[in-house]
Amino acid sequence: MRKPRTTLGSRRQSRVRRVVGFVTVSLLVLGATATPAAADVSFINAQRASAGLAAVSSHGGLASIAAAHSRDMAAAGGLSHTANLGSKVASVVSGYAAAGENVGVGSSVSAVNSMFMQSASHRANILGNYNLAGVGAFTGSDGRVWVTQVFARGSGSAPAAPAPTAPRVTSSSSATSPTVAARSTAPRVSRSAPRPAPVAVAAPAPPPAPTVVGGFRGSNGYLLVTDDGGVFTYEDAVFAGSAAGLSQNAPVIGGSPTPSGKGYVVFARDGGVFAFGDATFVGSAGDMQLNAPIVGGDTSPTGKGYHLYSRDGGVFAFGDATFVGSAGDVQLNAPVVGGARTPTGRGYLLVSADGGVFTFGDARFAGSLAGVPLHAPIVGIAFTPTGFGYWLVAADGGVFAFGDAGYFGGLAGGPATTDAVRGIIPAPSGNGYWLMTADKQVTGFGDVTGPIRRLAWMGPEIRLR
């Protein structure tokens, strides 16, 4: 397969304003003096009123949590979510049923608020099933304003439901518009005519929440990517931007980091490529007529190129990424579901849903599952640091180790997850890995820290954490 030419016309990179998102928590980055900026729940309630939702009550305890966290972020010079948010909310709201948080930084409180509403996950918190909220802001020495919104629902409180005459309408656009309920009078009914039976009209179903489609190691942590292009960072991984909220022709299918950990590339199913941080955009397959959708991709060792892998085994190389063959002309027994390059970048392997492994360049074949009955299809693959082995992971959380890859456990046969496993992230040491699921759970095995982390949806950041 010929290496595609890269042209400016195929460029799909967009400069995005930074947004963050996560007990439900979300981060947002737009842009420490010790003078706090004014902030309260009036903006939150204005948005809820426009959507026909009950207002939240301003809660002093939640506001104190928010104000303290905004000061902490300004002092640290970076966005983060409140540590142990649940326990801190519990200390001020007895028997709370749910909690959430939006975090952002920008030129002003209003600028951050505007970005919150342009982010689906942050907007979901603002319009969420909460009845209490507190807002805190702090202006740093560089003039940037750090904003924290903390939400809670008191135990036993009624859900914040839409007013009967103004059902909540979820918009897919980047900005919400007020819901307008038209007034109408009931039709006159003759005494001799039967009274019409009431008709129940179902409210439109909200769009599904973004789901995790991939993940990768960062500088000191890991990042998850969702199908709407959102990027979420954990531990000390660097957030450099996301494709959430951008106009996309196809869902995002994953991403890959640069060597420094200060950037990454996000890949879309149609071959679109979005580069962030110190990642270099060197072309995409977005304008090509593909025979099959893209299912994976990775950056080159220098970060100045990347591969795209397609469902039919095709491989596309851009920048200094090396093309050394493909399975595009091979009769596959099952579709390709992913790929991984070798540590040198001079080879790669592809894996199919039935566990078949195809090696190219300096990639070493260490075994496969082809012909082995599986309880669930294979969904991902990852090399060991040496390149002499690899792991395959199945949708049910089964992990299969080959070569010098060690087996440290899996999810198959354990506690049921609410959704399929979406991939595996190897530990830098090679002595462990994380498994991620579409419902935002991450489980560590081996020498990685932490057993099971539940990632409750809180929204994107203008920086994700």
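Phe276 is buried in this predicted model, with a relative accessible area of 4%, which falls below the 20% limit under which a residue is called buried. Because Tyr264 belongs to strand 11 (residues 263-268) and Phe276 to strand 12 (residues 273-277), the pair ties together parts that are twelve residues apart in sequence. Tyr264 likewise counts as buried, at 1% relative accessibility.

A second tilted pair is made by Tyr390 and Phe402, because their ring centres are 5.6 Å apart and their planes stand at 35°. Here Tyr390 lies in strand 20 and Phe402 in strand 21, so that this pair, too, connects parts twelve residues apart in sequence. Tyr390 is buried at 0% relative accessibility, and Phe402 is buried at 12%. The count of aromatic pairs in the model comes to 13, and the following table sets out the two described here.

| Aromatic pair | Centre to centre | Angle between planes |
|---|---|---|
| Tyr390 and Phe402 | 5.6 Å | 35° |

Beyond these pairs, Trp391, Phe408, Tyr433 and Phe445 form one aromatic cluster.

Three strands make up an open sheet in the order 19-20-21, with antiparallel pairing. Strand 19 (378-383) and strand 21 (399-403) stand at its edges and have a single partner strand each, so one side of each is left without a neighbour in the sheet. From one strand to the next the twist averages 20°. Strand 19 is joined to strand 20 (residues 389-394) by five bridges, the two running antiparallel, and Ile378 has Ala394 of strand 20 as its bridge partner.

Another open sheet of three strands has the order 13-14-15, and its pairing is antiparallel. Its edge strands are strand 13 (294-299) and strand 15 (315-319), each of which pairs on one side only. Neighbouring strands of this sheet are turned by 15° against each other on average, with direction ignored. Between strand 14 (residues 305-310) and strand 15, which run antiparallel, there are five bridges, and Tyr306 has Phe318 of strand 15 as its bridge partner.

With strand 3 (residues 57-58) the pairing is in the parallel sense and runs over two bridges, and Ser57 has Leu132 of strand 5 as its bridge partner. With strand 6 (residues 145-153) the direction is antiparallel and eight bridges are formed, among them one in which Val135 has Gln149 of strand 6 as its partner. Strand 5 and strand 6 form a hairpin with five residues between them, and in the turn Gly143 has a positive phi of about 90°.

In helix 1 (residues 42-50) the buried residues are Ile44, Asn45, Gln47 and Arg48. These residues cover an arc of only 160° around the axis, so they lie on the same side of helix 1. Helix 1 is followed by Gly52, which has a positive phi near 75°.

Helix 2 (residues 60-76) and helix 3 (residues 85-92) pack at an angle of about 145°, and their axes are 8 Å apart. The crossing in which helix 2 passes helix 3 is right-handed. The contact between the two is made by Gly61, Leu62 and Ile65 from helix 2 together with Lys88, Val89 and Val92 from helix 3.

Methods: Residues are numbered from 1 along each chain as its sequence is written. This is a predicted model: local features need pLDDT of at least 70, side-chain atom pairs count only at pLDDT 80 or more; totals for chains, interfaces and linings use all residues. Side-chain values use heavy atoms; hydrogens and water are left out. Two strands pair if DSSP finds at least two bridges between them. Helices (H or I, at least four residues) and strands (E, at least two) are DSSP runs, numbered from the N terminus. Axes are lines fitted to C-alpha atoms, for helices over the stretch in contact, and angles run from 0 to 180 degrees between N-to-C directions. Rings of Phe, Tyr and Trp (its six-membered ring) pair if their centres lie within 6.5 Å; planes under 30 degrees apart count as stacked, over 60 as edge-to-face and the rest as tilted. Buried means under 20% relative accessible area, exposed over 50%, partly exposed in between (1.4 Å probe, protein chains only). The arc is that of the directions from the helix axis to the C-beta atoms. A crossing is left-handed if the near helix is turned anticlockwise from the far one by less than a right angle, and right-handed if clockwise. Contact means heavy atoms within 4.5 Å.
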